[in-house]
Amino acid sequence: MAEREVRYLEPIIGTKENLAPFGMVVDDDVSNPGLGIPFYKTVIEGSNFEGADWKDQCCVRTAQIHWREDHSVSWLERHLEMTQGFLLVGKSPGLFIFGEPTHDREDLDEKQRALPDWNTLKCFIIPSGMGIIIKKGTWHDFPVSCGPPVTSFVINTEEVVAALASMKTPSPMDHGDCFKLRMADQWPFTVKFRDPRPFCQKHGLFHTPIAAPLMGSEGYGLGMCRKEVASGWAGGARVHVVPVVNVEVFLPGCGGPGIQPHLQSSPEVANSGWRDYGNRRGLRRLVQMFSGLGIPATAVINSDAAKLEGVAKELKASGWELGAHGINNSSGNAKMSRKEEEAVFKQCLDELEGSLGKRPISWLTPGFSITERTPGIAAAAGVKVLMDFCDDEVPYHLEQEDGPSTLILPYCMEINDFSLVLTKNFDGRQYAQAIEDHVRQLAGEAGEEEKVVCFGLHTFVAGTPARVLALTEAFKRLKEVPGVKFSTAAEIHAAISKK
């Protein structure tokens, strides 16, 4: 059976303006002020919410909603004879799925008016202390926890509550004013909302930080388990040093790293020109430096960059290992569906093989913009070495029950050129000295663990004249340090595979 398409709803903070098509917001502003009650001069009285009414007996209750791992929108319901109310009490926000009413839309036929319109479906995060009285006919489900438990004051009718409580198992309903649909029966795709915890953390909606394990139980992706690499693979070396040359392009008009970030005019030519300089001049300078030193390197390459004639020519002649770095550096994987991410891996690897003549086995995701599925998708695509994790200085495997394993070579953020040059503002000699000091310290440390240092060199940062001069001197000295060996990612994979 074919896998169902998954469509994701992105969370947005609910406001009076964006919630207006679905209902009336209840917050600390007085709605419809001006009601004339003469007894309380210090009180601003509000009139009844326009259109808010309940059929027959009103039911007033509270409900506490706890976290759920399943982010599917499985059920949607509507009521045509009452305006249901939810008011969040306590300190936690709540997640609401709403779809605009369809029962009175003249552009739909009778069958369509009995279904939600996917195009109007939204995922709202409503902050604590706020609420909403939803319009008649608004498609909705019960509020969802954003992480910590959330308590809602609920107003609906006895008829609806009794109908829901009478169900022995979850099933579609058409009982009085309760019309509830199982969405898997109605749509050929599955609707899910993104994990709301990072969004709520980012926007300060939690009163205290909460844990959000977004990368599987061990932090390495869904179903991925770490397994240590046994010692004895390194051929007597204490430290294997892997220079990782990042060969990147950025979509026009989409920005990117800048040497003078304050330049924001459009069209912007200074920072974009600086980045382009890397492929025109910096790449060649790095190729010549490593060739002159007799040092191997691994290039991770945007497949769009390999389509540039000059870039492809330099890379083919470099003698480097040619690895993969996504399609371009303006497009990350973070919000992709599984199908989209699988397509990106295939396109990138296919295009690099076509441009450079060999299919890469090493991969670094652009901007570390990964998903919890990335390690598994990479392994299934034939990637043998992944450099997307930065949490160690020894290699390790990621294994899964139903797929191939992947070798992880941790990527060192400490001596990455972005970290040292663009963040810490080191000059060329400080930059090169920091790399040398880092490797020397590891080579001199006691213990049996054999370590790896994968560090990024971007053509437009490390490939400038002053930095190449300083790097050349530092690398010459490191070649003479006992226990230090320069390698490619593929060479380390081959050495470990032999063990």
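**Note on ring pairs, charges and a surface patch**

1. Phenylalanine 460 is buried, its relative accessibility being 0%, where buried means under 20% relative accessible area, exposed over 50%, and partly exposed in between (1.4 Å probe, protein chains only). The model is predicted, so that local features need pLDDT of at least 70 and side-chain atom pairs count only at pLDDT 80 or more, while totals for chains, interfaces and linings use all residues. Residues are numbered from 1 along each chain as its sequence is written, and side-chain values use heavy atoms, with hydrogens and water left out.

2. Rings of Phe, Tyr and Trp (its six-membered ring) count as a pair if their centres lie within 6.5 Å, and the pair is called stacked if the planes are under 30 degrees apart, edge-to-face if over 60, and tilted otherwise. By this rule there are 22 aromatic pairs. One of them joins tyrosine 220 and phenylalanine 389 edge-to-face, with 5.2 Å from centre to centre and 75° between the planes. Tyrosine 220 belongs to the loop between α3 (196–202) and β16 (225–228), and phenylalanine 389 to the loop between β21 (385–386) and β22 (396–400), so that the pair links parts of the chain 169 residues apart; helices (H or I, at least four residues) and strands (E, at least two) are DSSP runs, numbered from the N terminus. Tyrosine 220 is buried, at 8% relative accessible area, and phenylalanine 389 is buried with a value of 8%.

3. Phenylalanine 418 and phenylalanine 460 form a tilted pair, with 6.1 Å between centres and 50° between planes. Because phenylalanine 418 lies in helix α8 (residues 417–423) and phenylalanine 460 in the loop between β24 (451–458) and α10 (465–479), the pair ties together parts that are 42 residues apart in sequence. Phenylalanine 418 is partly exposed, with a relative accessible area of 23%.

4. Ring pairs also link Phe22, Phe86, Phe96, Phe98, Phe124 and Phe142 into a cluster.

5. A charge sits over a ring if NZ of Lys or CZ of Arg is within 6 Å of the ring centre and within 35 degrees of the ring normal. The charged end of arginine 7 is placed in this way over the ring of phenylalanine 189, 3.7 Å from its centre, and that of arginine 226 over the ring of tyrosine 396, 3.7 Å from its centre.

6. Glycine 255 lies in the loop between β17 (239–247) and α4 (270–293), and is partly exposed, with a relative accessible area of 34%. Glycine 255 and serine 330 are 75 residues apart in sequence, yet 7.8 Å apart in space, C-alpha to C-alpha.
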